[in-house]
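Hi there,

Here is the structure I promised to pass on. Have a look at it first, and my notes follow below.

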Amino acid sequence: MVSFSLNGHPVTLEVPEEATLLQALRGPAGLSGPRFGCGTEQCGACMVLVDGTPRCACTLAAGAVTGRAVVTVEGLGTPEAPHPLQSAFLAEQAGQCGYCLSGILVSAAALLARDPAPEEAAIRAALEPHLCRCGSHNRILRAVSRAAAEMA
């Protein structure tokens with residue numbers, strides 16, 4: 001059993017501490033944003049924020065987040081009040097298949113939290129761990145820049 005804050009709300013999930021955080025999030029927590037891609041921290045589809053830092057949930061033990069704050073893409077915004085990144089990604093049509101986007105959005109949110117006006121090189125560095133095969137990389141960069149400008 002593990003207890004932590006999930007998207008701003010306290011949760012206790014009945015999973016073994018050695019289960020991955022991704023298993024806990026997609027199983028008992030019922031979330032679908034963090035996705036299983038590679039299982040080896042190579043694609044970023046499972047990215048979540050742990051105390052504001054991007055972490056791969058596919059290899060992180062659920063027990064490692066006990067007492068910590070975890071934010072998934074579901075915690076960034078709602079359909080009624082989307083995060084500026086979510087709005088910018090829609091406006092820039094930055095996603096195609098969408099499989100990688102939840103992880104990209106989470107990493108971009110962490111970047112904008114620590115650097116509200118990132119240069120393109122900083123955006124590229126923050127998103128480098130993410131694999132996207134749709135070819136929308138330029139639109140993703142524009143969307144992050146657009147969100148930064150809207151948040152300023």
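Strand E1 (residues 2-6) runs antiparallel to strand E2 (residues 9-13), and the two pair over five bridges. Please keep in mind that this is a predicted model.

**The whole protein**

Stepping back, the protein has five helices and five strands. Their order from the N terminus is β-β-α-β-β-β-α-α-α-α. The radius of gyration is 15 Å, close to the 15 Å that the globule rule gives for 152 residues, so the protein is as compact as a globular protein of that length. Along the principal axes, the C-alpha atoms fill a box of roughly 40 × 30 × 25 Å.

How much of the protein is buried? Buried residues account for 45% of the 152. Among contacts with a separation of 6 or more, 56% are between residues 24 or more positions apart.

**Surface and charge**

The accessible surface is about 7600 Å², and carbon and sulfur atoms contribute 53% of that. As for charge, there are 10 positive and 13 negative side chains, with the centres of the two sets 8 Å apart.

Best wishes

Note on methods:
Residues numbered from 1 in each chain as written. Predicted model: local features only at pLDDT ≥ 70, side-chain atom pairs only at ≥ 80, totals over all residues. Heavy atoms only, no water. Pairing = 2+ DSSP bridges. Helix = DSSP H or I, 4+ residues; strand = E, 2+ residues; numbered from the N terminus. Rg over C-alpha atoms; globule rule 2.2 N^0.38 Å. Buried < 20%, exposed > 50% of the residue type's maximum accessible area, 1.4 Å probe, protein only. Contact = heavy atoms within 4.5 Å. Areas by Shrake-Rupley, 256 points an atom, 1.4 Å probe, with all protein chains shown as cover. Lys, Arg positive; Asp, Glu negative; His and termini not counted. Charge placed at Lys NZ, Arg CZ, Asp CG, Glu CD.
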